[in-house]
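Subject: Structure for your files

Hello,

Here is the structure we talked about handing over. My notes on it follow below.

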Amino acid sequence: MAPGPLSGPVVFWCFFSKQRIMFRCGRGRCFANNYKDFSGTLGNVEYLKNLIPNVLQLIEKQSPPERSSCDGGLYVGGAGIGYAFYAVAESSAQFLVANTREDCLRKALEYMKVSLQDVSKISPQEDGIGASFLLGHAGLYAVSALVFNALDHQQEADYCIQKFLEMGNICRPINFFPPGSDELFVGRAGYLCGSLILNKKLGRTVISSEVTRPLFDAIIVSGQQYSQRRRSKSPLMYSYYRTEYLGAGHGLSSILQMLLNFPEHIANRSDVEALIHQSVDFVLSCEMPNGNYPPVPGEFRPQEDELLHWCHGSPGVVYLLAKAYLTWKDNKYLQAAKRCAELTWQRGLLRKGPGICHGVAGSGYVFLLLYRLTKEDQYLYRAQKFCDFMQTDEFQKGARTPDSPYSLYEGLAGTVCFYADLLNPSTAAFPFFDVFS
């Protein structure tokens, strides 16, 4: 199944805007993977250099920077689209001519300005939304700071950084958001995630240890208290709306991953490191025989109903395993990450669409992660094949239309980030999830 001509993907984009096809028709959650595995020759994805600008143009046309596109924050709102324009501009400089890169940044700014104007009307204290990275204020301020900085608008960037710092005060109380104060979307782990990307992308420490340390410690205390109350087998455990999720979307794996990204808060604290280490091993103990991870510990479903997504399943847990391997150099984490990748190769051509949360691009990012981790070309080849598959008639006619088809996590904005990263595999990273930081 080779990629079709460059006109093929355009048919796919139009298909998304015209109709919905449900993916559950007795065919399971994924397409069959009929590609031969790597035999020593990489594929050719040069067609992406032409495809990427076309996809961005389509996203702008179908979901322009207007008030109607704001709801949903970075996850499914206009701010996430703004991030995609920024990410393409930053990662694809070597094939984008200078004025095209500037156009991408200016377009990113349009999306961020509309979103910033919208959140200015919503109290950041309302349900703790100000601390929310993927769904609320904090994420908008973080990404806006990156865009302003890239355009050398330093005064505006500094304003957004200051607002981001203010949002951090909201999530200091242990139970600031009773349904789930610690998880990635709305909790402290998300705020730490935003702190990481700001410091990395800006190339300097703008969110200091004095800000992140209390939040890090609050996550530890919160996780211990909940674990002891619930008598959990994991010394750190959390819930989101009374469910103990395991995956990256709202669960334990992404919380632990964010904690491991702050070695300065772990150093010389053997008790804290032991809590995190034992909790990572608890996640590993939840691995099912086929290499997948259940949405919640102990929950098993028939294979045809299993979730194999970034949000729930191996394609999200793999990032924790990679970070654990980089932290402790224990081969068991690398081997577990490879098992995640193997299962994703078998069953990761998802019918849910092209997105990164629960789509084919999210599966493809697993291989880019393993490529960076191992330098083994088979993983780059697999990422290329998943990219190629999204250009086939089989996918274009048989995939489901996401609820937010142009957004960062569900739709084409995240897919175009994957395309850009595929052209730069040595620095590729799932949005906001770079374990090599």
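In which loop does Lys-329 lie? Lys-329 is in the loop between H12 and helix H13 (331–347); helices here are DSSP runs (H or I, at least four residues), numbered from the N terminus, as are strands (E, at least two).

Some notes on the source first. This is a predicted model, in which local features need pLDDT of at least 70 and side-chain atom pairs count only at pLDDT 80 or more, while totals for chains, interfaces and linings use all residues. Residues are numbered from 1 along each chain as its sequence is written, and side-chain values use heavy atoms, with hydrogens and water left out.

Backbone and loops

Most residues other than glycine have a negative phi. Lys-329 is not a glycine, yet has a positive phi of about 60°. Lys-329 counts as exposed because its relative accessibility is 59%; exposed means over 50% relative accessible area, buried under 20%, and partly exposed in between (1.4 Å probe, protein chains only). Asn-268 also has a positive phi, near 60°, and is found in the loop between H10 and H11. With a relative accessible area of 85%, Asn-268 is exposed.

Helix H10

Helix H10 covers residues 252–260, and nine of its nine residues are buried. Among them are Leu-252, Ile-255 and Met-258. The cover over these residues includes helices H8 (188–202), H9 (209–230), H11 (270–285) and H12 (314–328), where contact means heavy atoms within 4.5 Å.

Aromatic residues

The structure holds 29 aromatic pairs. Rings of Phe, Tyr and Trp (its six-membered ring) pair if their centres lie within 6.5 Å; planes under 30 degrees apart count as stacked, over 60 as edge-to-face and the rest as tilted. Tyr-365 and Phe-418 make an edge-to-face pair, 5.4 Å centre to centre with 65° between the planes. This pair joins distant parts of the chain, with Tyr-365 in helix H14 and Phe-418 in helix H17, 53 residues apart. Both Tyr-365 and Phe-418 are buried. Phe-418 also pairs with Tyr-419, this time tilted, at 6.3 Å centre to centre and 45° between the planes. Tyr-419 counts as buried because its relative accessibility is 0%. One aromatic cluster includes Tyr-365, Phe-418 and Tyr-419, along with Tyr-319, Phe-430 and Phe-433.

Elsewhere, the charged end of Arg-351 sits over the ring of Phe-31, 4.3 Å from its centre. The rule for this is NZ of Lys or CZ of Arg within 6 Å of the ring centre and within 35 degrees of the ring normal.

Cavities

How many cavities of 30 Å³ or more are there? The count comes to three. A cavity is a set of points on a 1 Å grid over the protein atoms alone where a 1.4 Å probe fits but cannot get out, and lining residues have an atom within 4 Å of a point. Grid points are joined across faces, edges and corners, and a volume is the space filled by probe spheres set on the points.

The largest cavity holds about 70 Å³. Its lining includes Tyr-319, Tyr-365, Arg-372, Phe-430, Phe-433 and Asp-434. Helix H14 (residues 360–374) gives the largest share of that lining, four residues.

The second largest cavity holds about 50 Å³. Leu-252 and Ile-255 are among the residues that line it, and both are buried residues of H10.

Regards

Technical notes. 1 Å grid on protein atoms, 1.4 Å probe; cavity = no way out; pocket = protein on both sides within 12 Å on 5 of 7 lines; lining within 4 Å.
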